[in-house]
Amino acid sequence: MLVFWGWNFAKYSKSDIRFKGDGYDFQLNNVVAHDRQTKFDWGTYFNPGRITIPQTNVRIAYFIKDNLAIVGGLDHMKYVMDQDQTVDFSGRIDNPEFAKMVKNGQIDLSDEQFLTYEHTDGLNYINFGLEKYKNLLHTKNFDINWGYGAGAGVLFPKTNAKLFGYERSDRFHVAGFGLDARTNLNFILWRHIVARVEVKYGYINLPDVKTRLSGFSDKASQDFTFAQVNFGIGYTFNTAKKSK
C-alpha cells in the first residue's frame with residue numbers, strides 16, 4: 001500500500017455560470033477564476049490542526065499487482081471567481097435594483113455588490129481510479145517509478161457565495177462530478193519513503209451549487225476543465241513480492 005500527503009497548484013478554464021432562483025434566471029459567460037494559495041509557514045502547513053487550510057491532496061493506493069493500484073483520494077483545491085472583471089450577461093432579473101447593473105449585455109462584478117462566488121473550503125474532488133506503474137531506475141536504496149492512470153468521483157465543495165443582497169451561503173454539499181487523467185514520477189528511498197510529483201488534467205461538472213441558505217432552492221450550475229500540479233511525500237508498506 002501507499003499513503004500520500006501533498007499540496008497542489010491548480011488552473012481553471014473559463015466557465016459559463018448559470019444562476020437560477022425565484023425572480024431570476026441568468027447566465028454569466030466566460031467567467032475567469034483562479035486558485036488561492038495559502039502563504040507558506042510551518043505552523044499552517046505542518047500543524048495537525050491547520051494542515052487542511054492550504055490546497056492539499058491525500059491519497060491511499062492498494063496494489064493489486066506490483067505495477068497496478070486501486071487509488072482513492074481527496075483533492076482539496078480552491079476556486080475563486082476573479083472579482084475585477086466584466087462579463088457577458090444573458091437572461092432575466094426581476095429585481096430592478098440589480099437588473100439596472102446590466103449595461104449593454106454586460107455586468108461589472110468588481111464592486112462585489114452583484115456577486116461574490118468561490119469554492120474555497122474547498123473545491124473538494126473525492127475520486128477513485130486506477131494507476132499503472134513502470135520502474136525507470138532501480139538501485140539498492142533508490143528507485144524511480146513512473147505512474148499514469150485515470151479517475152472519477154464526486155465534488156463536495158463548500159461554496160461561499162453571495163448573490164444580490166441575500167445572506168451569504170457557505171456550506172458543504174454534493175454539487176456534481178469530475179473526471180481526470182494523471183501521471184506522476186515517484187522517487188523512492190530505502191524502499192518505503194516516496195517523494196511524488198504529479199500532473200493531473202480533468203473535467204468538473206457542477207449542476208447543483210447552493211447559492212443561498214438552507215430552505216431556498218436557488219442554485220448555480222457550471223462546468224470547466226482544470227489542470228493541477230501536486231507534490232508531496234508518502235510511505236509504502238507490504239509491497240515486497242511474496243516468495244513462492
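Me: What makes E2 and strand E15 (residues 219-236) a pair?
Reply: Two strands pair if DSSP finds at least two bridges between them. E2 and E15 run antiparallel and are joined by 3 bridges, so they meet the definition. In E15, Lys219 is the bridge partner of Lys20. Strands (E, at least two residues) and helices (H or I, at least four) are DSSP runs, numbered from the N terminus. This is a predicted model, in which local features need pLDDT of at least 70, side-chain atom pairs count only at pLDDT 80 or more, and totals for chains, interfaces and linings use all residues. Residues are numbered from 1 along each chain as its sequence is written, and side-chain values use heavy atoms, with hydrogens and water left out.

Me: How do you know that E2 and strand E3 (residues 24-31) pair?
Reply: DSSP gives 6 bridges between E2 and E3, in the antiparallel sense. Phe19 stands opposite Phe26 in E3.

Me: Why is Asn145 called buried?
Reply: Buried means under 20% relative accessible area (exposed is over 50%, partly exposed in between; 1.4 Å probe, protein chains only). Asn145 has 17% relative accessibility, so it counts as buried. Its place is in strand E10 (residues 142-155).

Me: What makes the link between the side chains of Asn145 and Asn135 a polar contact?
Reply: A polar contact is a pair of N or O atoms within 3.5 Å; within protein, one must be able to donate a hydrogen and the other to accept it, and residues adjacent in sequence count only if both atoms are side-chain atoms. The two side chains make such a contact at 2.8 Å.
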